[in-house]
Amino acid sequence: MTRSETFFRQAKNVFVGGVNSPVRAFRAVGGTPLFFESARGAVLKDVDGKSYIDYVGSWGPMILGHAHPKVVGAARRAVERGSSFGAPSPLELDLARLVREAYPHVDLLRFTSSGTEACLSALRLARGYTGRSLIVKFAGCYHGHGDSLLVSAGSGALTLGHPTSAGVPKELARLTIVLPYNDPAALAQAFKKWGEKIAAVIVEPVVGNMGVVLPTGEFQKALQRLPRLHGALLIVDEVMTGFRLARGGAQELLGLRADLTCFGKIIGGGFPVGAFGGAKRIMEKLAPLGPVYQAGTLSGNPVAMAAGAATLSILKSDPPYTLLRDRTDDLVHGIRAVARRRNVSVIVNAVGSMFTVFFTKGPVTDLVSAEKSDTRAYGKFFHGLLKRGVYFPPSQFEACFVSAVHTLEDIEKTLIVADAAFREV
Ligand code: KE4
């Protein structure tokens, strides 16, 4: 029995399913989750001493690689001065400044401790600001586990939502309209039917949570135009794409402009940080100035602020985005070539340093097409990679991430391993 298996057996006696976040349980790919004891650069090391080239990157935060000396140093200096004051500190200003430099249309920010908190708070603010109750989200997009967001599409295209999770009251789920991603006509119909009752549209501007799916130009135009036309807010969830696809995230890359932007992952440099922000006129509806309540014990935590500021400072002084795109292009082109050679049908969607290998023939442009993927084949591919020292997300419907410290040798090794893994699919 490996040490991971031993730890997992113990973990199942203290954590539900042995994990603290469901996707980690390997239920989508089978097998026993690995337990890790350290990570440095692009490499994870498990409790059995095996090393892996890491393409999960803690689900996005580790754009600079694990244990970056400057991030570790900043966190160490901060924690030695006290881990939490529960009061303002200059470190919050350092991080806020770096976020707002990259997102100049964000007048005011509020830090939280997770992306979930950022998204559910932004929704509450949108409802409070507009005085409306309905929200629109898109099938396949994930915005954390806030109740109003754990909702799937109703039976018909334009019916009100159903809970995707037990515990979400159906009365609440009915306030969420779930539409197909990349379907501008559906968004137009929703506004035609409910226009003045819709508080906000929340969207992953480039999706990572059904696997990587890119927005069409028409969809982007509809997102920018329709909410504004009907007095609703556009909430762009950049928890994953913020500082990932560009310093200004997907909004910089695509030229989108949100009324409220949600942040997470990279802005914490691997520490628990989320944030949301937008125009002054909207944000000032928040307590303590306005009637919309939102709060958090560890919001603006000095250690997390220091780690986030160190991370964003490096992304500012030495932007890795061209390198990230080129390295990811090399990897993705190589994966497509190896799959062709092994006669395995895959579609690889990629943008910047995010990509997903879908085991399907057709284009993947929304949840319906993503779910046509052969998840069993993905599971075999995943384990074929894993046993040879390459760590992909343990689910077909997640994004892979390349970091600024993945080397050409890492890419070459990954392609050799992928060739062997495709043979086992
Ligand atoms: P957190 O609460 O996990 O910090 O953020 C929620 C969230 C919000 N918005 C987007 C676009 C996200 O991708 C996430 C979280 N992403 C998942 C991975 N797909 C986190 C991993 C997990 O749930 O364990």
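I started with helix H2 (residues 69–79) and helix H10 (residues 302–317): their axes come within 8 Å and cross at roughly 155°. This is a predicted model, so I am reading computed values throughout. Angles over 145 degrees count as roughly antiparallel, and H2 and H10 are therefore roughly antiparallel to each other. I also checked the hand: H2 passes H10 in a right-handed crossing.

Next I looked up who touches whom. From H2, I noted Lys-70, Val-71, Ala-74, Ala-75, Ala-78 and Val-79. On the H10 side they meet Pro-302, Val-303, Ala-306, Ala-307, Ala-310, Thr-311 and Ile-314. Sorted by class, this contact has 11 nonpolar residues, one polar and one charged.

How many cavities of 30 Å³ or more does a search of the whole structure find? It finds two.

The largest cavity comes out at about 60 Å³. I wrote down its lining: Gly-41, Ala-42, Asp-54, Gly-57, Met-62, Gly-65, His-66, Arg-244, Phe-401, Val-402, Ser-403 and His-406. By class I get six polar, four nonpolar and two charged residues there.

The second largest cavity has a volume of about 30 Å³. Around this second cavity I listed Thr-356, Val-357, Tyr-378, Phe-392, Pro-393, Ser-395, Gln-396, Glu-398 and Cys-400. Its lining divides into five nonpolar residues, three polar and one charged.

Terms used:
Residues are numbered from 1 along each chain as its sequence is written. This is a predicted model: local features need pLDDT of at least 70, side-chain atom pairs count only at pLDDT 80 or more; totals for chains, interfaces and linings use all residues. Side-chain values use heavy atoms; hydrogens and water are left out. Axes are lines fitted to C-alpha atoms, for helices over the stretch in contact, and angles run from 0 to 180 degrees between N-to-C directions. Helices (H or I, at least four residues) and strands (E, at least two) are DSSP runs, numbered from the N terminus. Angles under 35 degrees count as roughly parallel, over 145 as roughly antiparallel, 65 to 115 as roughly perpendicular and the rest as oblique. A crossing is left-handed if the near helix is turned anticlockwise from the far one by less than a right angle, and right-handed if clockwise. Contact means heavy atoms within 4.5 Å. Ala, Val, Leu, Ile, Met, Phe, Trp, Tyr, Cys and Pro count as nonpolar, Asp, Glu, Lys and Arg as charged, and the others, Gly among them, as polar. On a 1 Å grid over the protein atoms alone, a cavity is a set of points where a 1.4 Å probe fits but cannot get out, and a pocket is an open set with protein on both sides within 12 Å along at least five of seven lines; lining residues have an atom within 4 Å of a point. Grid points are joined across faces, edges and corners, and a volume is the space filled by probe spheres set on the points.
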